[in-house]
Amino acid sequence: MLCKSITRFSYCFTKNICKSFHISDNPSYSKNERTKYVNTNNAIKSPKILITGGLGQLGTECAKVLRRNYGNENVILSDIIKPTEESLENGPFIFADILDFKGLQKIVVDYRIDWLIHFSALLSAVGEQNVPLAVRVNIEGMHNVIELAKQYKLRIFIPSTIGAFGPDSPRNPTPNITVQRPRTIYGVSKVHAELLGEYYHHRFGLDFRCLRFPGVISCDPPGGGTTDYAVAVFHEGLLNKRYECYLEPHTRLPMMYIEDCLSALFQFLNTPNELLRRRVYNVTAMSFTPEELFNEILKYIPDLKITYKPDKRQYIAENWPQVFDDSEARHDWGWQHKYDLERLVKSMVKDVSNNFLPKHRLKEVNSYV
Ligand SMILES: NC(=O)c1ccc[n+]([C@@H]2O[C@H](COP(=O)([O-])OP(=O)(O)OC[C@H]3O[C@@H](n4cnc5c(N)ncnc54)[C@H](O)[C@@H]3O)[C@@H](O)[C@H]2O)c1
């Protein structure tokens with residue numbers, strides 16, 4: 001009887017979490033998984049989560065979502081850069097350099113970490129500008145966190161990317177399993193992470209989880225990737241009604257709004273192991289070209305002037321998937337996106353107008369565009 005009510009309580013907890021992220025209430029989730037975080041006092045025990053590289057485009061928003069669900073104190077944001085006042089507002093922030101193994105060990109022990117969300121990385125365009133640093137951060141840093149996760153039996157999430165594919169991969173659509181062979185150090189480091197994670201899972205039983213994200217679009221400034229134009233155009237467009245695009249108008253790439261990205265991450269983190277046929281899944285929401293995106297934005301900013309000046313990022317984009325096949329994620333753990341192009345643009349215009357414009361001056365925007 002007691003067991004039944006614990007299971008029920010835990011089930012409701014999971015169901016409520018799922019509701020707030022439009023996550024399907026999958027009846028095949030096992031009882032064991034639902035009760036996993038119920039402690040001996042019958043209270044729900046939230047996992048303690050460390051986010052590395054947490055002050056980047058994805059980290060801060062991810063922390064908000066996890067804190068809403070697991071409590072502010074249970075989610076520790078970390079990075080090597082100085083936090084803003086705002087990023088200190090809702091929970092703990094600490095310094096953590098992923099190249100310092102002992103430092104990471106101390107954090108895991110001191111904070112009794114259960115899950116590690118590893119966001120630290122140099123993205124595609126930035127990585128090409130400093131290959132030795134990208135090797136250190138993306139490969140050596142990843143060795144540190146995966147070894148840490150093995151030692152302390154942590155659940156570890158490492159994002160991968162559409163950039164993990166290359167010119168030999170089928171581009172439309174790009175399936176979950178196919179030839180990869182990327183041509184950027186970013187892509188090479190991500191394939192390395194995928195393979196090492198899978199190996200640690202099969203060899204040591206590590207609970208390694210990885211989603212290949214497409215370009216993620218959010219109000220926050222992006223970190224130097226090839227899909228950044230799809231964020232920058234909102235900032236530039238709303239600030240001064242013009243934008244110079246570094247990709248050709250017909251360059252099609254897979255994309256996703258931040259809310260869908262975090263929803264996928266949250267749902268995937270909470271999926272019982274027995275439903276996962278793979279440790280690495282493609283996820284996406286839509287595919288569009290710069291021209292298609294700008295035409296949609298013109299509905300909100302009719303006097304927006306667009307010019308094109310392709311640079312080295314065009315070459316990177318031409319070797320990436322155009323359409324991402326995420327049918328395995330949809331089949332195995334019920335992934336569903338919510339935002340299409342129309343809805344994405346509507347939300348971004350609102351987000352950037354309300355949250356970004358009042359806080360940031362044009363000068364700051366130009367520094368990463
Ligand atoms: N943003 C996207 O569109 C996208 C798409 C696919 C995958 N991803 C992946 O998601 C993750 C997060 O992406 P993002 O866009 O937030 O990146 P970002 O560049 O905005 O943030 C990365 C963070 O890593 C930190 N970092 C760098 N070196 C570090 C070190 N030695 N120790 C600790 N932290 C360090 C940086 O300070 C930065 O805050 C990355 O792994 C990226 O590959 C992102």
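Residues are numbered from 1 along each chain as its sequence is written. Because the model is predicted, local features need pLDDT of at least 70 and side-chain atom pairs count only at pLDDT 80 or more, while totals for chains, interfaces and linings use all residues.

Q: What makes Lys-241 exposed?
A: Lys-241 has 12 other C-beta atoms within 10 Å, so Lys-241 is exposed. Lys-241 also has a positive phi of about 60 degrees although it is not a glycine.

Q: Why is α3 called oblique to α9?
A: Helix α3 (residues 59-70) and helix α9 (residues 258-269) pack at an angle of about 55 degrees. Angles under 35 degrees count as roughly parallel, over 145 as roughly antiparallel, 65 to 115 as roughly perpendicular and the rest as oblique. That makes α3 oblique to α9.

Q: Which peptide bond is cis, and what is its omega?
A: The bond joining Asn-172 and Pro-173 is cis, with omega about 0 degrees. Pro-173 sits in the loop between β6 (160-161) and α7 (185-204).

Terms used:
Axes are lines fitted to C-alpha atoms, for helices over the stretch in contact, and angles run from 0 to 180 degrees between N-to-C directions. Helices (H or I, at least four residues) and strands (E, at least two) are DSSP runs, numbered from the N terminus. A residue is buried if 20 or more other C-beta atoms lie within 10 Å of its own, exposed if 12 or fewer, and partly exposed in between; C-beta atoms are placed from the backbone.
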